[in-house]
Amino acid sequence: MADLAMTHENILSQIISELNITSGDEFFNTLTLQLHKVIGADYTFIARLDKEKNVSRTISLVAKGDIAENFEYSLEFTPCADVFDDSTCVYPNNICSFYPQDQLLIDMKIEGYIGAPLHSSSGQVMGLVVALYEKPIVNESLTRSLFELFSGRISAEIEREEQQQELKDLNNNLESKVAHRTKELSDTLENLKATQDKMIAQERLASLGAMVAGVAHEINTPLGVAMLSGTNITDIAHSLNAKVEAQSLSKNDLISALADITDSGDALTHNLRRAADLVANFKQVAVERNISDHLQININQWLETQISSLRPLMKQHGLKINLHLSPQSIIFKTYPSKLSQVLVNIAQNAAVHAYSNMKDNREKQLTITVEESSNELLLSIADNGLGIPAEIQNKVFDPFFTTKRNAGGTGLGLSIVHSIVTGTLEGKIDLKSDEKNGTQFIISLPIN
């Protein structure tokens with residue numbers, strides 16, 4: 001048993017070491033290749049589900065040890081359809097006798113099949129990871145364990161890639177609109193030449209052209225946020241209207257909707273005001289070009305923005321966020337994207353673990369506090385849940401340690417948090433937890 005555990009540990013170390021520096025397509029191909037080598041399959045692939053078309057398309061496929069071209073296939077009469085019904089399917093042998101209408105399996109002369117579902121952050125089945133064998137499967141438990149272990153990481157990378165593509169598409173759309181408006185402005189300015197002295201008009205146009213280009217670039221971000229906020233308000237209004245027409249609108253529905261509309265309205269107003277200020281003061285605007293994400297931020301303002309985007313996710317878990325900002329403005333230099341990942345991972349950990357099997361009806365609350373002490377930034381993230389048992393508190397930052405393995409937990413969330421805080425952010429993180437007061441993570445970061 002000890003040798004088997006050591007083998008599993010070596011396998012995990014090998015796979016993880018290959019994945020540390022990859023993302024996107026490279027991540028999927030690297031992981032599929034590594035899994036393929038370890039489990040000894042003839043074909044291994046990761047696929048994305050299209051429920052409307054009832055088809056699945058591979059995003060990474062390894063055939064006989066080599067990366068192969070991705071393809072799309074129908075789910076009808078296939079074992080993959082059963083996986084998409086949210087169950088892990090294992091057929092050590094004779095798979096074609098169970099699915100005689102799956103011609104692809106027959107043509108490929110497949111004997112053994114293992115498929116595990118991939119879940120989105122909302123819990124829906126979004127894809128699957130599959131291993132196909134031309135001979136009966138020898139070690140199905142290893143394959144099943146690895147698939148279950150890495151399914152969460154695969155799902156997270158798929159969602160990250162799709163969100164990145166959505167953001168890219170949105171930016172392209174915004175740039176097109178801004179370019180169109182800029183062209184209209186340029187055309188209007190050109191028409192002024194007919195009524196002005198030629199030399200004066202040329203000087204003014206040259207100046208305005210450069211300034212408008214700067215405004216067009218800088219105004220992209222606030223307009224994008226404003227558009228998203230406006231869309232959110234519209235969606236909420238449609239939902240309220242539907243409930244009014246169905247005579248099912250409750251007071252809680254109205255209160256919740258008004259709170260969401262207020263948050264979105266504040267974001268919309270803030271970003272439109274920012275855009276208006278940019279236009280009004282465009283003579284002083286300089287294009288900001290950052291070659292690194294090591295930035296100086298106002299922690300109070302930054303946290304308000306982060307919490308605004310985090311609240312909808314926590315609301316799905318019935319978790320209320322309380323934010324206590326520092327009375328003084330704290331400006332310091334850090335890696336905002338990394339600090340954001342720390343905040344989100346701890347919040348998600350609280351949502352999943354802190355209130356599991358809770359028997360009382362306490363209001364679920366996540367309290368975030370920031371203050372300055374001895375030239376350090378102290379960021380506290382505390383829940384009022386059931387706390388972490390004392391016997392496992394010293395293990396929560398260990399890689400792959402989780403109490404939710406059967407629910408898809410990977411045990412990497414807090415390990416990543418510890419790595420970022422003590423590594424990139426050059427700080428430290430402390431844990432306090434008991435059954436009465438819940439769990440508190442205290443992050444200390446150097447201000448200078």
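**Reading burial, cores and side-chain pairs in a predicted model**

Student: Which residues make the nonpolar surface patch of about 320 Å²?

Tutor: The patch is made by Val-244, Leu-249, Leu-254 and Leu-258.

Student: Where do nonpolar side chains tend to be in soluble globular proteins?

Tutor: They tend to be buried together. In this model, the largest nonpolar core has 41 residues. Ile-299, Ile-346 and Ile-443 are the ones with the most contacts inside this core.

Student: Which helices and strands each supply at least two residues of this core?

Tutor: On the helix side, they are helix 10 (299–316), helix 11 (336–354) and helix 12 (413–422). On the strand side, they are strand 11 (365–373), strand 12 (376–383) and strand 14 (438–446). Helix 11 gives the most to the core, with eight residues.

Student: What does Ile-443 touch, not counting residues up to four places away in sequence?

Tutor: The list for Ile-443 includes Val-342, Ile-346, Val-421, Lys-428 and Ile-429. Leu-377, Leu-378, Leu-379 and Ile-381 are also touched by Ile-443. Apart from this core lies another, of 23 residues, with Leu-35, Phe-147, Leu-149 and Ile-154 among them.

Student: Why do residues three or four places apart in an α-helix point the same way?

Tutor: Because an α-helix has 3.6 residues a turn. A case here is Arg-153 and Glu-157, which are four residues apart in helix 6 (residues 140–191) and are therefore separated by about one helical turn. Their side chains meet in a salt bridge, at 3.1 Å from N to O.

Student: Are Arg-153 and Glu-157 buried or partly exposed?

Tutor: The two ends of the pair fall in separate classes. Arg-153 is partly exposed, with a relative accessible area of 29%. Glu-157 counts as buried, at 3% relative accessibility.

Student: Which residues are linked with Arg-153 and Glu-157 in a network of salt bridges?

Tutor: Arg-160 and Glu-161 belong to the network as well. Arg-160 forms a salt bridge with Glu-161, and the closest N and O atoms are 2.7 Å apart. Arg-160 is partly exposed at 33% relative accessibility, and Glu-161 is partly exposed at 25%.

Student: Which parts of the chain does the pair of Lys-243 and Asp-253 link?

Tutor: Lys-243 is in helix 8 (residues 220–245) and Asp-253 is in helix 9, so the pair links distant parts of the chain, ten residues apart. The salt bridge between Lys-243 and Asp-253 has its closest N and O atoms 3.5 Å apart. Lys-243 is partly exposed, with a relative accessible area of 28%. Asp-253 is also partly exposed, at 25%. The structure holds seven salt bridges.

Student: How many aromatic pairs does the structure hold?

Tutor: The structure holds six. Planes over 60 degrees apart count as edge-to-face. Phe-27 and Phe-28 form such a pair, with 5.5 Å centre to centre and 75 degrees between the planes. Both Phe-27 and Phe-28 are buried.

Student: Why is the pair of Phe-45 and Tyr-73 edge-to-face?

Tutor: The planes of Phe-45 and Tyr-73 are at 75 degrees, with the ring centres 6.1 Å apart, so the pair is edge-to-face. Phe-45 lies in strand 1 (residues 43–50) and Tyr-73 in strand 4 (residues 72–74), so the pair ties together parts 28 residues apart in sequence. Both Phe-45 and Tyr-73 are buried. Together with Phe-71, they form one aromatic cluster.

Key
Residues numbered from 1 in each chain as written. Predicted model: local features only at pLDDT ≥ 70, side-chain atom pairs only at ≥ 80, totals over all residues. Heavy atoms only, no water. Patch = residues over 30% accessible without salt bridge, like charges linked within 9 Å, V, L, I, M, F, W, Y side chains within 5 Å. Areas by Shrake-Rupley, 256 points an atom, 1.4 Å probe, with all protein chains shown as cover. Salt bridge = Lys/Arg side-chain N within 4 Å of Asp/Glu carboxyl O. Core = buried A, V, L, I, M, F, W, Y, C linked by side-chain atoms within 4.5 Å. Buried < 20%, exposed > 50% of the residue type's maximum accessible area, 1.4 Å probe, protein only. Contact = heavy atoms within 4.5 Å. Phe/Tyr/Trp six-rings, centres within 6.5 Å; stacked < 30°, edge-to-face > 60°.
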